[in-house]
Amino acid sequence: VAGGAEPEEGVDVMERITEAYVRHADQSTPAEQDPFNEVVRSLLEKIARPDRVAAPEKLSQLWKLPYGVTEKLASDSDIEVARPIIGRYRNFPERILINVAKTGSLAHLNAIAARPVLMPPVTDVVVTRGDQATMLTLAANRGAPFPDFGMARLVAKSKAHGQWHEAIVARADRALAALAQLLPPPPPPSA
């Protein structure tokens with residue numbers, strides 16, 4: 001089906017297949033997801049950019065997507081294609097998110113940093129690779145918990161950026177040892 005579809009037909013085919021998938025997603029097995037996976041992945045490569053950008057907007061609202069479709073969309077080099085899945089897909093597999101955080105662009109990292117909920121292994125990767133804008137987004141994201149490593153690294157990177165301090169101090173899950181690094185050194189004892 002996907003191999004012979006024209007780009008305009010591809011969007012229609014993908015929408016019809018997605019609707020059918022959604023009706024049966026809760027009962028589907030991985031083996032039943034494979035055909036959907038293959039067809040959607042193939043169609044995404046053939047449709048025009050505006051449709052490639054629109055498709056993840058709809059797909060990100062689904063409760064369940066096959067692993068391969070999630071990975072294909074989230075790792076797309078075009079952030080406008082990747083952002084809806086990264087930012088809004090609720091059942092995002094952590095392994096894919098970590099891989100996108102390790103290999104994606106700074107725009108991908110910023111989209112990850114803005115997700116409503118992140119797991120500590122993901123925040124560690126984002127803190128390690130992120131730029132100033134990503135760090136500010138991550139520091140302000142209360143859905144992104146920081147283990148000691150991530151918080152310490154965030155604090156170390158933030159020393160030159162005053163707005164990060166405010167975002168970090170406002171966090172309820174901040175580590176006291178890491179916050180101590182934000183304080184100026186005590187004055188030398190007077191003689």
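At 9% relative accessibility, does G130 count as buried or exposed? G130 counts as buried, because its relative accessibility is 9% and buried means under 20% relative accessible area, with exposed over 50% and partly exposed in between (1.4 Å probe, protein chains only). This residue sits in the loop between α8 and α9, and its C-alpha atom is separated by 9.7 Å from that of H108, although the two are 22 residues apart along the chain.

The model is a predicted one, in which local features need pLDDT of at least 70 and side-chain atom pairs count only at pLDDT 80 or more, while totals for chains, interfaces and linings use all residues. Residues are numbered from 1 along each chain as its sequence is written, and side-chain values use heavy atoms, with hydrogens and water left out.

The protein chain has 12 helices and zero strands, where helices (H or I, at least four residues) and strands (E, at least two) are DSSP runs numbered from the N terminus. Of its 191 residues, 44% are buried. Among the contacts in the protein chain with a separation of 6 or more, 64% are accounted for by residues 24 or more positions apart, contact meaning heavy atoms within 4.5 Å.

The loop that holds G130 lies between α8 and α9, and these helices, residues 120-129 and 132-140, have axes that come within 9 Å and cross at roughly 150°. That makes α8 roughly antiparallel to α9, since angles over 145 degrees count as roughly antiparallel, under 35 as roughly parallel, 65 to 115 as roughly perpendicular and the rest as oblique. The axes are lines fitted to C-alpha atoms, for helices over the stretch in contact, and the angles run from 0 to 180 degrees between N-to-C directions. T123, V126 and V127 of α8 make the contact with T134, M135 and L138 of α9, and these residues divide into four nonpolar, two polar and no charged. In this classification Ala, Val, Leu, Ile, Met, Phe, Trp, Tyr, Cys and Pro are nonpolar, Asp, Glu, Lys and Arg are charged, and the others, Gly among them, are polar.

Helix α9 also meets α7 (residues 106-113), with axes that come within 8 Å and cross at roughly 10°, and the two are therefore roughly parallel to each other. Here L106, L109, N110 and A113 in α7 meet A133, T134, T137 and L138 in α9, a contact with five nonpolar, three polar and no charged residues. V126 touches residues including L109, A113, T134 and L138, not counting residues up to four places away in sequence.

Another helix pair is formed by α3 (residues 49-59) and α5, whose axes come within 8 Å and cross at roughly 5°, which makes α3 roughly parallel to α5. R49, R52, V53, P56, E57 and L59 in α3 meet E80, V81, P84, I85 and R88 in α5, and by class this contact has six nonpolar, no polar and five charged residues. Within α5 (residues 79-88) lies I85, which counts as buried because its relative accessibility is 0%. Leaving aside neighbours within four places in sequence, I85 is in contact with P56, L59, S60, L65, T70, L73, A74, F92 and R115.

I85 and V126 come together in the description of the largest nonpolar core, where I85, I86, F92, I112, V126 and L138 touch the most other members among its 42 residues. Such a core is a set of buried Ala, Val, Leu, Ile, Met, Phe, Trp, Tyr and Cys residues joined through side-chain atoms within 4.5 Å.
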